[in-house]
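Please look over the structure below before reading on.

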Amino acid sequence: MLMVGCVFVAAGIWMISHGNSMGWAVAIFFALGLPVFVTRLLPNANYLKLDKKGFEICSLYKTGFYNWKDVEDFTIKSVKNNRMVFFEFTEEYQENNDTARKVAAAVSGSEGALPDNYGLSAKELMDLMISYKEEAAK
């Protein structure tokens, strides 16, 4: 994404140099995204940690921890041709804002999702998470 952003910034600059004022919008829009793409490349900016208690998701240095007992199940869904792992919370789970969970469910059909597949296929990641959840239940 960083390279794509750089290409579009360069294309916007090229458009400006050729008298097309729309190039300003292209260059500025994609330039605003570059810091996010660079930040994603920094150490510990994005990760998934699995252990016997639960899983911790970190995306752009913002973390969230979920206990295995609070997650009902995992599914795979496609979002813009990208397969991702989604999850549903148990009815007893009250940690997160109910309104935010309802909005997420209305938008995606699920209450939560992993932001990345962390180098695995969605199926491999889902199977790994299910095995950790099953191990924790023993």
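Why are Lys 123 and Asp 127 separated by about one helical turn? Lys 123 and Asp 127 are four residues apart in helix 4 (residues 122–137), so about one helical turn lies between them. Helices (H or I, at least four residues) and strands (E, at least two) are DSSP runs, numbered from the N terminus.

This is a predicted model, in which local features need pLDDT of at least 70 and side-chain atom pairs count only at pLDDT 80 or more, while totals for chains, interfaces and linings use all residues. Residues are numbered from 1 along each chain as its sequence is written, and side-chain values use heavy atoms, with hydrogens and water left out.

Start with the overall fold. The protein chain has four helices and six strands, and along the sequence they come in the pattern α-α-β-β-β-β-β-α-β-α. The radius of gyration of the protein chain (taken over C-alpha atoms) is 19 Å, well over the 14 Å that the globule rule gives for 138 residues, so the chain is more spread out than a compact globule. That rule is 2.2 Å times the number of residues to the power 0.38. Along its principal axes, the C-alpha trace spans about 65 × 30 × 25 Å. Of the 138 residues, 29% count as buried. Buried means under 20% relative accessible area, exposed means over 50%, and partly exposed lies in between (1.4 Å probe, protein chains only).

Next come the charged pairs. Side chains of opposite charge can pair when their charged atoms come close. A salt bridge here is a side-chain nitrogen of Lys or Arg within 4 Å of a carboxyl oxygen of Asp or Glu, and the count comes to three. One joins Lys 123 to Asp 127, with the closest N and O atoms 2.8 Å apart. Lys 123 is partly exposed at 44% relative accessibility, and Asp 127 is partly exposed at 35%. Another salt bridge links Lys 69 and Asp 70 (3.4 Å, N to O). Lys 69 is exposed, with a relative accessible area of 63%, whereas Asp 70 is buried, at 9%. Glu 135 also forms a salt bridge, with Lys 138, and their closest N and O atoms are 3.5 Å apart. Lys 138 counts as exposed at 77% relative accessibility.

Now consider the surface patches. They are made of residues with over 30% relative accessible area and no salt bridge; like charges are joined within 9 Å, and nonpolar side chains (Val, Leu, Ile, Met, Phe, Trp, Tyr) within 5 Å. Glu 72, Asp 73, Glu 91 and Glu 92 form a negative patch, and Glu 72 is found in strand 4 (residues 71–79). A nonpolar patch consists of Val 4, Val 7 and Phe 8, with about 250 Å² of accessible area together. Val 4 lies in helix 1 (residues 2–17) and is partly exposed at 41% relative accessibility.

Finally, look at the backbone. Most residues other than glycine have a negative phi. Tyr 61 is not a glycine, yet has a positive phi of about 70°. Tyr 61 sits in the loop between strand 2 (54–59) and strand 3 (62–67) and is partly exposed, at 45%. Lys 80, also not a glycine, has a positive phi of about 50°. Lys 80 is in the loop between strand 4 and strand 5 (82–89) and is exposed, with a relative accessible area of 80%.

Notes
Accessible areas come from the Shrake-Rupley method with a 1.4 Å probe; for residues, only the protein chains shown count as cover. Lys and Arg count as positive and Asp and Glu as negative; His and the chain ends are not counted. The place of a charge is taken as NZ of Lys, CZ of Arg, CG of Asp or CD of Glu.
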